[in-house]
Number of protein chains: 6
Amino acid sequence: MTQASRTSLDLDHVRTVVRAALDEDGAFRDVTTDALVPPDQRGRGIFIAKADGVIAGLPVAEAAFVCIDPEVEFAASIDDGAWVENGRIFAEVNGSLASILSAERVALNFLQRLSGVATSTRALTDAVAGKGVRVIDTRKTTPGLRALERYAVRLGGGGNHRFNLSDGILIKDNHIAAGRARGLSIADVVRAARDGSPHTLRIEIEVETYDEAVEALEGGADVILLDNMTPDEMARVVRLTKGRALTEASGGVTIDNIRAIADAGVDLISSGSITHSAKALDISLEIENL
Amino acid sequence: MTQASRTSLDLDHVRTVVRAALDEDGAFRDVTTDALVPPDQRGRGIFIAKADGVIAGLPVAEAAFVCIDPEVEFAASIDDGAWVENGRIFAEVNGSLASILSAERVALNFLQRLSGVATSTRALTDAVAGKGVRVIDTRKTTPGLRALERYAVRLGGGGNHRFNLSDGILIKDNHIAAGRARGLSIADVVRAARDGSPHTLRIEIEVETYDEAVEALEGGADVILLDNMTPDEMARVVRLTKGRALTEASGGVTIDNIRAIADAGVDLISSGSITHSAKALDISLEIENL
Amino acid sequence: MTQASRTSLDLDHVRTVVRAALDEDGAFRDVTTDALVPPDQRGRGIFIAKADGVIAGLPVAEAAFVCIDPEVEFAASIDDGAWVENGRIFAEVNGSLASILSAERVALNFLQRLSGVATSTRALTDAVAGKGVRVIDTRKTTPGLRALERYAVRLGGGGNHRFNLSDGILIKDNHIAAGRARGLSIADVVRAARDGSPHTLRIEIEVETYDEAVEALEGGADVILLDNMTPDEMARVVRLTKGRALTEASGGVTIDNIRAIADAGVDLISSGSITHSAKALDISLEIENL
Amino acid sequence: MTQASRTSLDLDHVRTVVRAALDEDGAFRDVTTDALVPPDQRGRGIFIAKADGVIAGLPVAEAAFVCIDPEVEFAASIDDGAWVENGRIFAEVNGSLASILSAERVALNFLQRLSGVATSTRALTDAVAGKGVRVIDTRKTTPGLRALERYAVRLGGGGNHRFNLSDGILIKDNHIAAGRARGLSIADVVRAARDGSPHTLRIEIEVETYDEAVEALEGGADVILLDNMTPDEMARVVRLTKGRALTEASGGVTIDNIRAIADAGVDLISSGSITHSAKALDISLEIENL
Amino acid sequence: MTQASRTSLDLDHVRTVVRAALDEDGAFRDVTTDALVPPDQRGRGIFIAKADGVIAGLPVAEAAFVCIDPEVEFAASIDDGAWVENGRIFAEVNGSLASILSAERVALNFLQRLSGVATSTRALTDAVAGKGVRVIDTRKTTPGLRALERYAVRLGGGGNHRFNLSDGILIKDNHIAAGRARGLSIADVVRAARDGSPHTLRIEIEVETYDEAVEALEGGADVILLDNMTPDEMARVVRLTKGRALTEASGGVTIDNIRAIADAGVDLISSGSITHSAKALDISLEIENL
Amino acid sequence: MTQASRTSLDLDHVRTVVRAALDEDGAFRDVTTDALVPPDQRGRGIFIAKADGVIAGLPVAEAAFVCIDPEVEFAASIDDGAWVENGRIFAEVNGSLASILSAERVALNFLQRLSGVATSTRALTDAVAGKGVRVIDTRKTTPGLRALERYAVRLGGGGNHRFNLSDGILIKDNHIAAGRARGLSIADVVRAARDGSPHTLRIEIEVETYDEAVEALEGGADVILLDNMTPDEMARVVRLTKGRALTEASGGVTIDNIRAIADAGVDLISSGSITHSAKALDISLEIENL
């Protein structure tokens, strides 16, 4: 199962998010730069990777400079999503030095964070290369930045889980408990979800044991999420479901255990840490006066 | 130098940020919960700390539930900013179970992140307790969440640096270089900043050597930021400036070296890591049907 | 297959849409009413059905009055979604007469339109009662009013198709043609959709012939939309797919032919006309001075 | 009385409405197209009229494509407002096939609806051609689309009534009743409206009988709306008012009775049905891969 | 001709304008007050008129305090629009002292400006009391504050001209010149305006000479604006038009010449100075700690 | 102390404010111009100063025309901030006559107001030329227009005080009183402000007597605002503070007394009247048809 290259970004959304970040940072009234750098002094900035990783977010960084000053020019020598090595110069920005300085941090904040997400995703996808499993994200993203972080996951070779509560069914333990309080079995709950939702959505359900997986399958679940199971338990469920439902491993996935999880035969491995715990990629912007 | 308790939050701002996060998460059209949980089934959720730390963001979590459903009731047994130990139940939420489930993740996302920021701040402030130094934040905050993260820093016992580019002067290396390109010395640049900015702002300047600090003082700088200096170098600058300018240490501050930095006698220690690298505090919401 | 009662409305969304409609209608500066009706003159308005049908949109109508004047009181004697007969008084509004007059048309516009959608849906669902088929809507809704119109469809006993392009896969003729231009068969296209989309979504594909349905099934389609087929052709596809994929009939569905379509054994029947061509339900608001 | 060609559209408003419709339709995250159509595959779409009628809304359709992708090119071979016959190709769109597919329905939704309004207006204006009467719209427009629908009415040869409650006086039965409750005659109410409103507005009043028209004239009404009168009654009022006030016929206007109404000599005929009940004009977009 | 008491304010609009002003003033992050005044210290503020005049804007002032802190209580001892004498205490505010201090200036800014507009209007309306002329405003209002300033004009006893370019016809010299360039006489222009605009609007035209007024009347103008004429010239036009059109005097109206203008017999006198040059009414807010 | 040329404007902000003003004025639905001026009739407008003064706001005026119609061309023959004499033609606008007429008043309203602010500022700065004092503005600006009015002050040769409550400390009499109620001396209050605020802000405090100034200095105030003191009293405080704190004169500053105040030796003189009482500069726009 491979992931098609769906890397398109809604650029209007990018501009809106970037404009809000620049407003938050007071970048349109940068009192230091206003006092010290005449608008017609020109400068150039060089983006340099200070570590190996995947660069993600070039259009976002560009938007930060252009939003401050449409005459600033941003040019990258790589595609967004490319792997770079420490020391590689991968983009530059030219124009009014004052404009470059006022937008610098917002541009870097986005670029470092998104490159970090892409890089941490790449680490996991590389670890299971050739295994036929898809590494996917979760809803544990930064408030306000979900679309951008999912884009970074795709650049890192991962896939996306449902975007949010509106476009996917995932029956979690509390939903099961809510049903149980009303006398419903797990299979009943799966059937209720089927009957009460658009037919375009698959029914995914989270289970913690083999027996729950059996019940879920009986109810007709399309996808079974195996929560915090051992690889052996997972393999047992995979044998049960193969051809009847997809299986997704979730909980405590790390670079160390992901191969073992993949070997259990699951179709999908979801990881919250690729978004909520990604280490920012170290990138510097060196500026020269012209 | 102590930090007054300025912990007030702009609740309109909180509601706006929370509403946007709920919209992003599709929480107003939660297809799973809509299909499985009748609106009149009631539930209770119990917030439990799964680690020791500072709880921060109770009004934000409350806003998430109330925004989904004004009849949900949220009650905390501690003040925002209180220290809790692993296992402590510190808040509960009561109302429509469907509403609680739809808002759960957004509430937890904010609460865990802000509590993480407050806890990491507390670690640094505790490490220098009694030293008379103030630990402060930087502009390295999450886009869109700066006001909330600074609030968390205050709850952790820290202080705030300038909010953004509009409300504080900080002359950085690139500003100095821009001046140098126009024939200005460091002292000239400090004077230009003084002349070109509102008189209500102090002039802070980043220096990398003792000699630059001398020049900055000569120009009349009010605050000198010591970038990546050793404690010994810092101490030398502190002896120079004492009584004539404040000193701020910045760059590579960790729990391991912060006491040594404080011992150098600086007035302020700023840390980007308390916001950009704070580990989320582990908090769970256990839900029961009523 | 029955539709669970997911009739909850996002009331914040309702208020936003209603406020925009009142602004568009200049209702906050109603020059006629301002000139003629003193703010303290009180009135009562009685809502009367002028035809048989399903009443839908009571909370929307209420929002119109309350948005103009929070002290206006709106009370309904029926539940939203109830069937009423011609002449039935089903709600009343009390308060400042000027406020009632300024909000009147916007309230009625929404109520009549949504009741019309619910009523036209009910006509179709009644026609196939007991057949085990679900009548669903399409994306042919009024720009800006999709969430409200889908709510009305649910009140009329119907179900909802995907909300929009983001939360459901529907491969249409142009997507198939785009694939063919790149050398892909229908089965290839289905597989590409599977690989390139979140695993939480089913793959639905539109076909026009039995042979295309065979290809779609071979590719692993979850749902097959039968576009403008005769009931006999549909029945043939249903026999093919039963148990392997859902079938959805679409195109030219009317009150006259829907039973024949249902008899063909399809799982779903989608109708654009229940939203884009619903006749407004005639409702009057009779106002008395108090 | 002829209608000057005031067909200008506020293009910023168009872009705002179109953007909202695209957002509502999830067009910036079209999961099907993202999975199946590479961004660089090019396509062309041909707009074909499937019925005779007035085409209205070409700039709105163009905005939908350009909002998704500024590089899509839209070109029409007719002016907005032109009459076309069934089968006529009147516009085409070229560019990224994926962009064309994602914007297609929103573009068609607007174009079909607005062309329907223009066509239904044209039917009425043609029916009374040469009679010296102006056919005008009402406030019974789709919430959110009033400016666009009024534009379509103008393209169909009609005129516009007041835009909303803020820019025209229309004393309706409930306003008269409100006055009566305070002891005011119809003539008193007309005078009160005159005294209580900007002098730039005419005073229009709705009457149901000849005697009410007499009273309204006595009060100095500028325009008398004849609500649901027979042509003979209208003619009697027209003889009374000619030269002293304009007359507007309203209520139950159809293509069958509009000539008789015009023959009664009224100056204006208003019709809610040209907006609230206009049948969408059938238009198809045929797409080819390039 | 008297002005009915249309003093209602759109309170949602008030809250929006006030919130924007508080945001602009940084009132939700008042660093001085945050540092010095604990949230639970209570205070009371007393509003005192420091000059004779009309108080206007009490709900606006109240909104400023309540927007900062819903628990602040504002109480006025007079109605909005009342005349007060120097030294009169007319309102008070109670609650958190910090909240009162943060909202103080925005509240005063609005109150002083609007009271100034009402007072300057009252001066003119008093000067022509009993003359049967209506004093009205113009479009020369402060950007963003038109609705509030027109409200203040009404409280001062004045009337309102058209709200804006959309809700009234006023043919000015440049419109006449534009017509002349296309071969149209003044009477032609008036007729073109009549034909090209909604029938609910009167046609007003600005003239500079008696002869132009003759032409305007011939074209059927409803209102004739006499631009910068002497009272004698005005009186001559008034004799011409009486009973056939209204007359409005405009240009250079002052407290010294307004009686002479009124004596010329015009129906309306418009003044830009009551909004664009109104002197702020001196009002102080004296604050006590509780 | 001279003011660097920080005249940059946030053009996105300008466009937002101008668009809102045009909306408020109904300029996108100008019924008079729509009826009388065909879109293709061309015109030229010439801006002429009708008094001596500083022209300020050329980019704002341009934005008004371009917002209505991107094809209108605006060209100025002077720089923004230039001094012009009565009769000077300083800019022109070319394009669709209808567009020019619809945007005219909004453009003039901003240009006259901002030029008035710049001119009144220039009067004060000229009066103290060579004295080494900086004339600055206050927070007494028009709600919604603060950024623009501060820009005009800079063009008039003045400087800016803090932008708002968030970016500067100014301890006023009520803050002192609030402290006194809690047992704090003036010096205590200054120290509390220091401890409770970001270190990047100076501490400014308002005093009314020499003795209060002594206390403020003792607490470590950076700036002392002398409220309504006589020049002699000011001079006495200046002698006290020289070298230890800046002094700012405030209250009742006029063109007549400003030299005497400057002679007292203060560093800054703030004036509310340059913004809240600036007389609009008389500017006319003469329009010709082409």
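Which residue in S9(E) is the bridge partner of E:Val207? The legends below concern a predicted model, and the first view gives the answer.

**View 1. The pairing of strands S8 and S9 in chain E.** Strand S8 (residues 203-207) and strand S9 (residues 223-227) of chain E are joined in the parallel sense over four bridges. Within this pairing, E:Leu226 in S9(E) is the bridge partner of E:Val207. Helix H7 (residues 186-195) of chain E packs on the sheet, where it touches S7 and S8 of chain E. The direction of helix H7 makes about 155° with that of S8(E). Helix H8 (residues 210-219) of chain E lies across S8 and S9 of chain E, and its course is at about 165° to S8(E).

**View 2. The six-stranded parallel sheet of chain E.** The strands of this open sheet follow the order S6-S11-S10-S9-S8-S7 (chain E), and their pairing is parallel. Strand S6 (134-136) and strand S7 (169-171) of chain E each have a single partner strand, so these two edge strands are left with one side that has no neighbour in the sheet. On average, neighbouring strands of the sheet are turned by 25° against each other, direction ignored.

View 3. E:Val128 is found in the loop between helix H4 (97-127) and S6 of chain E. Is this residue, E:Val128, buried or exposed? The relative accessible area of E:Val128 is 3%, and because buried means under 20%, E:Val128 is classed as buried. Leaving aside residues up to four places away in sequence, E:Val128 touches E:Val133, E:Val135, E:Ile258, E:Arg259 and E:Ala262. The C-alpha atoms of E:Val128 and E:Asp222 are separated by 24 Å, the two residues being 94 residues apart along the chain.

**View 4. The four-stranded antiparallel sheet of chain D.** Four strands in the order S3-S5-S1-S12 (chain D) make up an open sheet with antiparallel pairing. Strand S3 (73-76) and strand S12 (283-289) of chain D stand at the edges; each has a single partner strand, so one side of each lacks a neighbour in the sheet. S3(D) and strand S5 (residues 89-96) of chain D run antiparallel and are joined by four bridges. In this pair of strands, D:Ala76 stands opposite D:Ala91 in S5(D). Helix H4 (residues 97-127) of chain D lies across strand S1 (42-49), S5 and S12 of chain D, and runs at about 165° to S12(D).

View 5. Over all chains, a search of the whole structure finds 85 salt bridges. One pair consists of B:Glu92 and B:Arg44, whose closest N and O atoms are 3.4 Å apart. B:Glu92 is partly exposed at 29% relative accessibility, and B:Arg44 is partly exposed with a relative accessible area of 28%.

View 6. The side chains of E:Asp12 and E:Arg15 meet in a salt bridge, at 2.6 Å from N to O. Both residues, E:Asp12 and E:Arg15, lie in helix H1 (residues 11-24) of chain E, three residues apart, or about one turn of the helix. E:Asp12 has a relative accessible area of 26% and is partly exposed. E:Arg15 likewise counts as partly exposed, at 47% relative accessibility.

**View 7. A salt bridge between distant parts of chain F.** Which parts of the chain does the pair F:Lys131 and F:Asp263 link? The side chains of these two residues meet in a salt bridge of 2.5 Å, N to O. F:Lys131 lies in the loop between helix H4 (97-127) and strand S6 (134-136) of chain F, whereas F:Asp263 lies in helix H10 (residues 258-263) of chain F, 132 residues apart. F:Lys131 is partly exposed, with 30% relative accessible area.

**View 8. Relations between chains.** A network of salt bridges links A:Asp10, A:Asp12, A:Arg15, D:Arg19 and D:Asp23. Chain A and chain E are joined by no contact, and their closest C-alpha atoms lie 12 Å apart. Chain C and chain F also have no contact joining them; their closest C-alpha atoms lie 13 Å apart.

Conventions. Residues are numbered from 1 along each chain as its sequence is written. Chains are lettered from A and ligands numbered from 1 in the order in which they are written. This is a predicted model: local features need pLDDT of at least 70, side-chain atom pairs count only at pLDDT 80 or more; totals for chains, interfaces and linings use all residues. Side-chain values use heavy atoms; hydrogens and water are left out. Two strands pair if DSSP finds at least two bridges between them. Axes are lines fitted to C-alpha atoms, for helices over the stretch in contact, and angles run from 0 to 180 degrees between N-to-C directions. Contact means heavy atoms within 4.5 Å. Buried means under 20% relative accessible area, exposed over 50%, partly exposed in between (1.4 Å probe, protein chains only). A salt bridge is a side-chain nitrogen of Lys or Arg within 4 Å of a carboxyl oxygen of Asp or Glu.
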